[in-house]
Amino acid sequence: MPVMTYRQALHDTLRAELLRDPNVFLMGEEIGVFEGSYKITAGLLAEFGPDRVRDTPICEEGFVGAAIGAAMLGLRPVVEIMTINFSILAMDQIVNHAAKIHAMFGGQARVPMVIRTPGGGGQQLAATHSQNLEVWYAHVPGLKVVTPATPADAKGLLAASIRDDDPVMFIENLALYNTKGEVPDGDYVTEIGKANVMKEGDDITIVSYSRMAAVALDVARRLEQDEGIRAEVVDLRSLRPLDRSTVVESVRKTGKAVVLEEDWLSYGVGAEIAATIQEGAFDYLDAPVRRVAAAEVPLPYAKPLELAALPDATALIKVIHETLDATRFHR
């Protein structure tokens, strides 16, 4: 399989879907002439023209609303919102319209649209441009929320999202765009709602998603090599639908779990996963489920403070050791 960046995998998938289906079109701020803030759409305006790759005004609520209307009439828009922080401006269209139209019209209308948008911290973009708001959308029935962690999943999940008949929030992470990995050739589609066991193990389960899944995998490999600890890593891949059975099955095997997320701790994905484990694997637990997440502060601009606020490998290793020590695991 070829090795490529997360960014290239997204670009190639958009191009392939534009070629495959004439109903697919792209729209967003500066995705055409400027080729996108992160160059995901580089060259696509020149190849497909302004009817298929449309620059929009700076008006998130307006162009998301226009995409919803286009989707209801049979097209498949892929909207790029420059950052998930700007998606707040389109919350009414996303939450009150895209998510609910299929149910409110008694199944007579569908909204097959994708909203691509990056989030995450660690780039010194300060508090209002460094947020992980995926859990806001994962809370809403009617939306699908996808969070690919690898270039292969960026390709497979984006293809699946564009072909899905429901609205999908496709949430990328700024820090992943230049990461590399093997990507399958040809028409490759990954099922939405199916978690990925990135590494098998039987001592403890680490549940994560998006950029933090890569951190979890790196930590798991280091712990096995250096200390003989065999951690299993589950990448959720999507937050709605959530693959609860894969999480529960893993924890029933290991008896211990740590959830790692880049988002704030309170009311986050970690809380949902902890509840899922309590409901499905309580009798198998040897220790309480632990959570590692960002500090409960607006993310600082200053680099040392930003790094101190974000979760990292050191924080994860500390909690894994505490959990194993509590169960008298001998390293």
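Here are some notes on this predicted model, point by point.

1. **Ground rules.** Residues count from 1 along each chain as its sequence is written, and side-chain values rest on heavy atoms, with hydrogens and water left out. Because the model is predicted, local features need pLDDT of at least 70 and side-chain atom pairs count only at pLDDT 80 or more, while totals for chains, interfaces and linings use all residues.

2. The UniProt record, an unreviewed entry, puts "domain: Transketolase-like pyrimidine-binding" on residues 4-179. UniProt positions are given in the numbering used here, feature names are shortened, and annotations may be inferred rather than shown by experiment. In the model, the end C-alpha atoms of that span lie 8 Å apart, and the span is 36% helix and 17% strand. Helices (H or I, at least four residues) and strands (E, at least two) are DSSP runs, numbered from the N terminus.

3. What does a search of the whole structure find in the way of aromatic pairs? The search turns up two. In one of them, Tyr38 and Tyr177 sit 5.3 Å centre to centre with 35 degrees between the planes, which is a tilted pair. The cut-offs: rings of Phe, Tyr and Trp (its six-membered ring) pair if their centres lie within 6.5 Å, and planes under 30 degrees apart count as stacked, over 60 as edge-to-face and the rest as tilted. This pair links distant parts of the chain, 139 residues apart: Tyr38 is in the loop between strand S2 (24-28) and helix H2 (44-48), and Tyr177 is in the loop between strand S7 (168-173) and strand S8 (180-182). Tyr6, Tyr38 and Tyr177 together make one aromatic cluster.

4. **Buried or exposed?** Buried means under 20% relative accessible area, exposed over 50%, and partly exposed in between (1.4 Å probe, protein chains only). Tyr177, at 3%, is therefore buried, whereas Tyr38, at 24%, is partly exposed.

5. Glu35 lies in the loop between S2 and H2, and its phi is near 70 degrees, a positive value in a residue other than glycine. Why point that out? Because most residues other than glycine have a negative phi, and most peptide bonds are trans. Glu35 is partly exposed at 30%. The charged end of Lys39 sits over the ring of Phe34, 3.8 Å from its centre; that label needs NZ of Lys or CZ of Arg within 6 Å of the ring centre and within 35 degrees of the ring normal. In helix H2 you'll find Ala46, which is exposed at 75%.

6. The expected span of a helix is 1.5 Å times one less than its number of residues. Helix H7 (residues 151-163) has 13 residues, so it should span 18 Å; its end C-alpha atoms are 19 Å apart, which agrees. Of those 13 residues, 12 are buried, so H7 is largely enclosed by the rest of the structure.

7. The buried residues of H8 include Met212, Leu217 and Leu223. The buried residues of this helix pack against S7, strand S9 (196-199), strand S10 (204-208), S11, strand S13 (257-264) and helix H12 (313-326). Just after H8, Gly228 has a positive phi of about 75 degrees.

8. **A buried glutamate.** Glu232 is in strand S11 (residues 231-235) and is buried, with a relative accessible area of 4%. Which side chain does the side chain of Glu232 make a polar contact with? That partner is Lys253, at 2.5 Å. A polar contact is a pair of N or O atoms within 3.5 Å; within protein, one must be able to donate a hydrogen and the other to accept it, and residues adjacent in sequence count only if both atoms are side-chain atoms. Leaving out residues up to four places away in sequence, Glu232 also touches others, among them Val197, Ile204 and Ser250 (contact means heavy atoms within 4.5 Å).

9. Arg237, in the loop between S11 and S12, has a positive phi of about 65 degrees although it is not a glycine. Arg237 is buried at 12%. Arg240 and Pro241 are joined by a cis peptide bond, with omega about 0 degrees. Pro241 belongs to the loop between strand S12 (238-240) and helix H9 (244-254).
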